[in-house]
Amino acid sequence: MTKTFSAKANEVARQWWVIDATDQVLGRVAAKAANLLRGKEKAIFTPHCDTGDFVIVINAEKVRVTGKKEEQKSYMSFSGYVGGHKSETVKSRRARRPELLVEHAVKGMIPHNKLGRAVYTKLKVYKGAAHPHAAQMPTPVTSIV
């Protein structure tokens, strides 16, 4: 009889991937990054274990949103204090900190528990084309669809 294989987080070989978000749709970039972070494209994927890779997203300021989302989509936050609601459009967030667009989208696509928080730490997002992870020799992601 063969036993069911269950991967262990400390035995997984981690790889580094780089995604260029230039003129790519935000949701598709986030979905590809989330799948690589979780390890869903690997044959050894185990749902309760972190089997994913590291993901670098570059050119976050050049990511594209479809339709009228640039002016109409809003990001809400609440400080916890009275009158502490803040709202911000995609356009203003892109001007202030464009990395948050990709980070927020990816965070919504990974599990909302302890495993998801561990997986999320392997995401690195940069607004320009330069990143400090050249020593890890990241592999470019060819297809985002």
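Which residues does Ala 129 touch, not counting residues up to four places away in sequence? In this predicted model, Ala 129 touches Ile 58 and Asn 59 when residues up to four places away in sequence are left out of the count.

**Overall make-up**

- The protein contains 5 helices and 6 strands, and from the N terminus on these elements follow one another in the order β-α-β-α-β-β-α-α-α-β-β.
- Taken along the principal axes, the box that the C-alpha atoms of the protein fill is roughly 60 × 35 × 30 Å.
- The protein has 145 residues, of which 38% count as buried.

**The open sheet**

- An open sheet is formed by 4 strands, which lie in the order E5-E2-E1-E6 and pair in the parallel sense.
- Its edge strands, each pairing on one side only, are strand E5 (123–125) and strand E6 (139–140).
- Strands of a sheet are held in pairs through backbone hydrogen bonds, and the pairing can be either parallel or antiparallel.

- Helix H4, made up of residues 99–107, lies across E2 and E5 and runs at about 155° to E5.
- Two packed helices are described by the angle between their axes together with the distance between those axes.
- For H1 and H4, the axes come within 9 Å and cross at roughly 55°, and H1 and H4 are therefore oblique to each other.
- The crossing in which H1 passes H4 is right-handed.
- On the H1 side of this contact are Leu 26, Ala 30, Ala 33, Ala 34 and Leu 37, and they meet Leu 101, Val 102, Ala 105 and Val 106 in H4.
- Sorted by class, the contact of H1 with H4 has 9 nonpolar residues, no polar residues and no charged residues.
- H4 is mostly covered, since 7 of its 9 residues are buried, and these buried residues are Glu 99, Leu 100, Leu 101, Val 102, Glu 103, Ala 105 and Val 106.
- The elements that cover the buried residues of H4 include H1, E2, E3, helix H3 (90–96), helix H5 (114–120) and E5.

- Strand E3 (residues 74–78) pairs with strand E4 (residues 85–89) in the antiparallel sense, and 5 bridges lie between them.
- Ser 74 has Thr 89 in E4 as its bridge partner, while Phe 78 stands opposite His 85 in E4.
- The hairpin has 6 residues between its strands, and Gly 80 takes a positive phi near 105° there.

**Two residues in detail**

- Ile 56 lies in strand E2, and because its relative accessibility is 0%, Ile 56 counts as buried.
- Leaving out residues up to four places away in sequence, Ile 56 touches Trp 16, Trp 17, Val 18, Ile 19, Lys 124, Tyr 126, His 131, His 133 and Pro 138.
- Although Ile 56 and Asp 20 are 36 residues apart in sequence, they are 8.5 Å apart in space, C-alpha to C-alpha.
- Ala 129 lies in the loop between E5 and E6, and because its relative accessibility is 52%, Ala 129 counts as exposed.
- Ala 129 and Glu 61 are separated by 68 residues in sequence, and from C-alpha to C-alpha they are 9.9 Å apart in space.

Conventions:
Residues are numbered from 1 along each chain as its sequence is written. This is a predicted model: local features need pLDDT of at least 70, side-chain atom pairs count only at pLDDT 80 or more; totals for chains, interfaces and linings use all residues. Side-chain values use heavy atoms; hydrogens and water are left out. Two strands pair if DSSP finds at least two bridges between them. Helices (H or I, at least four residues) and strands (E, at least two) are DSSP runs, numbered from the N terminus. Contact means heavy atoms within 4.5 Å. Axes are lines fitted to C-alpha atoms, for helices over the stretch in contact, and angles run from 0 to 180 degrees between N-to-C directions. Angles under 35 degrees count as roughly parallel, over 145 as roughly antiparallel, 65 to 115 as roughly perpendicular and the rest as oblique. A crossing is left-handed if the near helix is turned anticlockwise from the far one by less than a right angle, and right-handed if clockwise. Ala, Val, Leu, Ile, Met, Phe, Trp, Tyr, Cys and Pro count as nonpolar, Asp, Glu, Lys and Arg as charged, and the others, Gly among them, as polar. Buried means under 20% relative accessible area, exposed over 50%, partly exposed in between (1.4 Å probe, protein chains only).
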